[in-house]
Amino acid sequence: RAQIAEQGPRIVEQMLSYNYKTIDAQSAQIESLLTGSFKSEFSKAMDSEIKPLAVKNQTVVQAKASDVGVMSSTPTTVKVLVFVNQAKVGADSQTPAVDQNRVIATMSKVGERWLISKVDAF
């Protein structure tokens, strides 16, 4: 549980952060932290929705987790609630707009690694 409480927020921060200049490399790196059908859902959303808008608007988003709590756990699955703020700037606004989000991330053990298998906004 302690390992997930440490890893979960870092993975969520990576997943919810992007820079229009490096979005392809970031997307590939993030996909290596995901598993199951969520991995393909993320890829599809990134390619069809997030990336085109990010490039068009020259968007940079930086996510920072402020707190995390383990909601439930089994030996192979852990569900965490992550409080995360996303600061966004772009061509239309150089002053960061901050969104406060709550994310429930399900992490599944794959081999010796814990990967995100599901994310729900809360």
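Which residue's side chain meets that of lysine 118 in a salt bridge?

Aspartate 120 is the partner: the side chains of lysine 118 and aspartate 120 come together in a salt bridge, with N to O at 3.8 Å. Keep in mind that this is a predicted model. Lysine 118 has a relative accessibility of 42%, so it counts as partly exposed. Aspartate 120 falls in that class as well, being partly exposed at 33%.

The count of salt bridges here comes to three, so let's look at the others.

## Linking helix α1 to strand β2

Glutamate 13 and lysine 64 also join their side chains in a salt bridge, this one at 3.9 Å from N to O. The pair ties together distant parts of the chain, 51 residues apart: glutamate 13 sits in helix α1 (residues 2–16), and lysine 64 in strand β2 (residues 60–73).

Is each end buried or exposed? Lysine 64, at 55%, is exposed.

## Linking helix α3 to helix α2

Then there's lysine 51, which forms a salt bridge with aspartate 24; their closest N and O atoms are 2.7 Å apart. This is another link between distant parts of the chain, with 27 residues separating the two: lysine 51 belongs to helix α3 (residues 36–57) and aspartate 24 to helix α2 (residues 23–31).

How accessible is lysine 51? Its relative accessibility is 27%, so lysine 51 is classed as partly exposed. Aspartate 24 is partly exposed too, with a relative accessible area of 48%.

How values were computed:
Residues numbered from 1 in each chain as written. Predicted model: local features only at pLDDT ≥ 70, side-chain atom pairs only at ≥ 80, totals over all residues. Heavy atoms only, no water. Salt bridge = Lys/Arg side-chain N within 4 Å of Asp/Glu carboxyl O. Helix = DSSP H or I, 4+ residues; strand = E, 2+ residues; numbered from the N terminus. Buried < 20%, exposed > 50% of the residue type's maximum accessible area, 1.4 Å probe, protein only.
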